[in-house]
Every structure is written in C-alpha cells, then in structure tokens.
Amino acid sequence: MRMPNARDISDEQQDIFEDAPLDGRVLVTGPPGTGKTVIAFLRAMLLAKKNKKVDVIMYNRVLKRFAQNVGADSRNVSCRTFHSWFYNWWRNLQIENQDEESAELIYLTTPYDRRIEVREKGARWDKNARSWTATQAVINRAPEVFAPWLPDPRDGTPTTRVNKATYDAPEIRKFKPDWDRLIDLYTDAEPEKQKGWGHLIIDEGQDFCNDTYKFLKYASRVSESDSAITVLADDNQRLGEENSTTTQIADLLNIGEDRKFTLSRNFRNTRPIALLARKFYTGLPSGTPDLPDKKGNKPRLVCDANVQQQVEYIARYLRLRGNHEVGVVLPDNKLREQFFSLLTGMLTNYTVQTYDSNDRSTSDSLIFDRQGVVTVLNRQSCKGLEFDVVFLPCLQDYEAEDTDSDTFKMNMYVMCSRARNELIMMSETPAKSDAGAMKYLPVNEPELLELISSRE
C-alpha cells in the first residue's frame with residue numbers, strides 16, 4: 001500500500017478527513033480495500049500536526065509491521081499493537097495491583113521444553129528465581145496442565161513467595177487482561193493517576209472484544225485529560241475467536257450517527273478479483289465495496305496438484321513475470337513452514353520471508369511494500385495486508401464446516417481481497433471436490449474463475 005497525501009484521496013475519504021471530529025469517539029466502517037488504514041494515518045498525521053498525542057493501534061504484530069511501512073512518513077505518530085500500547089500505558093499510571101488471589105505465587109518445576117504449555121495457561125517467568133510461577137487461581141483453572149510441575153515440599157525447596165504490589169495490569173491469563181478488575185482499580189485510583197491517553201486510532205477494530213471497548217469508554221469518561229478514540233472496522237473481517245461487530249462498537253462507545261462514517265470505494269483489487277470476492281459476502285452491515293474499474297485477469301484455480309507441484313507452479317509463475325510483491329497464504333503453520341522452506345530454495349531471485357507466531361520477533365524483519373519479496377503466512381496473519389499477487393495453496397486442507405459456513409466464507413472473503421492484481425488458488429483435489437474450501441468456489445461460473453488442471 002502506498003500512502004497518498006491529502007490531495008490524492010477520494011471524495012469520500014476527503015469527507016471523512018475534513019468532517020470527522022478530532023475529539024471524542026468516531027467510527028469509520030468499510031469493506032476490504034476501501035482505504036481504512038489510509039484514513040487512520042492521515043488522521044494521525046493531522047492530529048500530530050496539532051501537537052496532539054496520538055497512537056495508531058493494530059491488532060497483531062504482522063499488521064503493525066505492515067502499517068509501519070505504510071505510515072513511514074508519519075512523523076510523531078506511534079504505531080503499536082494494542083497489547084504493547086495498553087500494558088505500557090497502564091504501567092505508567094502506577095496504580096498498584098495486589099489482591100488476595102495474587103498474593104502468593106507458586107514455584108513450578110516446568111522444564112524448558114514444556115514452557116509453552118504453562119505459559120499459555122497463565123504462568124509467569126520469574127527471572128530472579130529462574131523459575132516459572134503461577135497463582136493458585138491460575139493453577140485451579142488448568143490443574144491437568146500444572147499437576148506434573150507442582151513442587152514437592154518434601155525436597156526442602158520453597159513452594160511459594162509473597163508477591164509484592166505491582167503496577168502491571170491484572171490478567172485472567174497471559175495477554176488476556178482482566179477488564180472487570182481493571183475498571184475497579186481505575187475507579188479506586190487517586191484522581192491524579194486516572195490519566196488518559198490522548199487520541200487512540202484503532203485499525204481492524206472488529207478484532208477487539210467487547211470488554212476492551214467497555215473499559216476504554218469507562219476510562220475516557222473518568223480520566224481528567226483528553227481520551228479520544230477513532231475506530232476503523234469491518235464486519236466482513238471478524239475472524240478471531242473474540243471480536244466485536246461494528247454495531248456493538250458503536251453501542252459500547254456510545255457513538256452517535258453524526259460520528260459514524262462509511263467508505264465504499266474499492267481502491268485495491270481489480271474488478272475480476274472483486275467479483276470473485278463477492279461470492280463469499282455473507283450480508284454483514286459493512287457491505288461490499290463498490291466494484292472497481294481496474295482491469296485484470298480472472299482469478300485462477302489450479303487443480304489436481306500436490307504440494308510439490310503447487311510450489312513449482314508458484315516458482316515458475318514468478319520467474320516468468322518479473323518482480324512482484326507476493327503473498328502466499330496457507331491454512332496452517334505446518335504447511336506455512338513447508339512452503340517457506342521449498343520456496344526459499346527455488347526462488348533465488350526473490351527474498352522469501354515468513355512470520356512464525358511462536359517466535360514473535362520474526363515480525364520485526366518483515367519487509368512490505370517492496371517488489372521482489374514473497375511473504376509466506378498462516379491465514380490468521382494475512383488480514384489487513386495486500387500484495388500484487390496472492391497465492392492460496394492447499395484449499396482442500398481448510399476446515400469448512402457447514403454449520404459455520406458464514407465464518408468460513410468471511411475467511412475466504414478476506415484472503416481473496418488481499419490481492420491487488422492477480423489471485424491464484426490451488427488444490428490437490430479436482431475442481432468439483434467437496435474437500436475444505438473447494439465446495440464454496442464458483443467452479444461452474446467460468447466468467448468468475450479460470451480452471452487449470454495440472455494433468456493437462
């Protein structure tokens with residue numbers, strides 16, 4: 001995505017840029033490709049010029065890295081994940097957190113190679129004691145996980161220690177804030193500690209849970225300083241386990257009709273890609289964007305191709321067509337690693353990169369908005385991104401239950417709409433298969449989808 005200046009934006013973007021209030025709470029909705037992230041950074045830059053404190057907030061680390069590329073010229077604008085911003089903001093308030101439940105921590109004997117299990121259930125690493133620790137309440141929530149690592153008092157080692165008051169945000173589990181407890185602590189804090197945050201601009205706002213917005217609304221009312229919020233969201237892209245609809249966001253933040261704005265023009269996709277993406281629209285309030293005029297090739301479906309053949313097709317396609325910015329989106333991490341390894345060895349004229357959610361530092365080196373780069377991602381990390389060419393291999397491996405077809409269609413809508421110019425889907429099965437995503441594809445509509453068999 002290339003960041004336009006205020007003179008290059010569309011009429012509807014200009015209306016939002018000029019008319020959306022810079023105080024209080026504002027909601028901007030729009031389908032994929034309509035320029036929500038552009039509006040986020042233009043708005044942030046305008047606030048920064050007015051010497052307002054502003055933070056652009058993203059849901060995950062990959063999207064944050066992408067947005068940092070988009071907003072590279074946005075001086076004095078911070079771009080962070082919500083967790084990074086929130087935990088830092090809360091800690092700086094210096095509101096003490098100590099209750100009976102967290103008064104004592106229990107030492108665990110968890111070995112290094114089993115650390116992920118206990119960490120995911122709420123255990124904390126004590127760097128001074130060189131040990132994993134957990135409260136009794138955390139242990140009680142997952143006793144089967146913690147049971148093998150509870151200390152044996154007969155060996156003479158201490159089992160607990162008193163936990164001193166902390167300024168850290170209380171959590172239900174790792175990276176899961178205890179929003180009710182946070183409201184109580186904020187309410188009881190001295191007035192001088194009930195500080196605000198300036199202006200938050202939250203992109204992909206549908207990915208945040210209702211309780212997040214409840215807290216932000218409450219804190220913005222209590223704080224003495226300005227605590228404005230702009231949320232940019234799309235119902236079509238609610239892919240997480242916990243999320244909010246645009247209607248819920250508006251209600252939870254008490255946003256009136258005069259502070260709601262809508263984007264509808266698709267700037268990203270070609271018309272053929274937009275037409276295919278529409279097949280997965282589920283009728284949600286954000287709607288589908290207006291069809292673009294930009295011409296391009298029909299999306300393709302390469303069938304009857306195993307993993308090796310799919311990788312070879314991608315490599316051959318990219319060698320013959322020069323440099324592009326490319327996204328390869330896979331159903332799961334195992335396939336992501338496999339495709340990354342194979343493509344790295346075959347595409348010597350490209351930089352091949354990936355993001356591993358188990359190693360968050362891998363997001364720091366990601367390169368976006370540059371030709372000659374192939375980014376291999378798990379589907380859960382692709383939202384909000386865009387590429388010249390997008391490959392969707394192994395469609396037969398997607399879980400697509402009929403009982404939750406709307407959720408799956410939203411996944412397909414999001415993945416297809418990542419492509420600016422070319423969209424190529426792939427499967428090990430024939431075109432008319434019911435495996436995974438295949439039964440949802442318009443294989444009988446040649447005007448929408450070009451079928452290619454590896455057997456031909």
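This is a predicted model: local features need pLDDT of at least 70, side-chain atom pairs count only at pLDDT 80 or more; totals for chains, interfaces and linings use all residues.

Start by selecting helix α11, residues 271-278; helices here are DSSP runs of H or I with at least four residues, strands are E runs of at least two, and both are numbered from the N terminus. Its buried residues are Pro-272, Ile-273, Ala-274, Leu-276 and Ala-277. Buried means under 20% relative accessible area, exposed over 50% and partly exposed in between, using a 1.4 Å probe and protein chains only.

Residues are numbered from 1 along each chain as its sequence is written, and side-chain values use heavy atoms, leaving out hydrogens and water.

Next, pick Arg-91 and Asp-168, whose side chains form a salt bridge at 3.0 Å, N to O. (That term means a side-chain nitrogen of Lys or Arg within 4 Å of a carboxyl oxygen of Asp or Glu.) Arg-91 sits in helix α4 and Asp-168 in the loop between β7 (160-162) and β8 (171-173), so the pair ties together parts 77 residues apart in sequence.

How many salt bridges does the structure hold? There are 17. Arg-336 is buried, with a relative accessible area of 2%.

Last stop: select Arg-268, Glu-325, Glu-386, Asp-388 and Arg-420, which are linked in a network of salt bridges.
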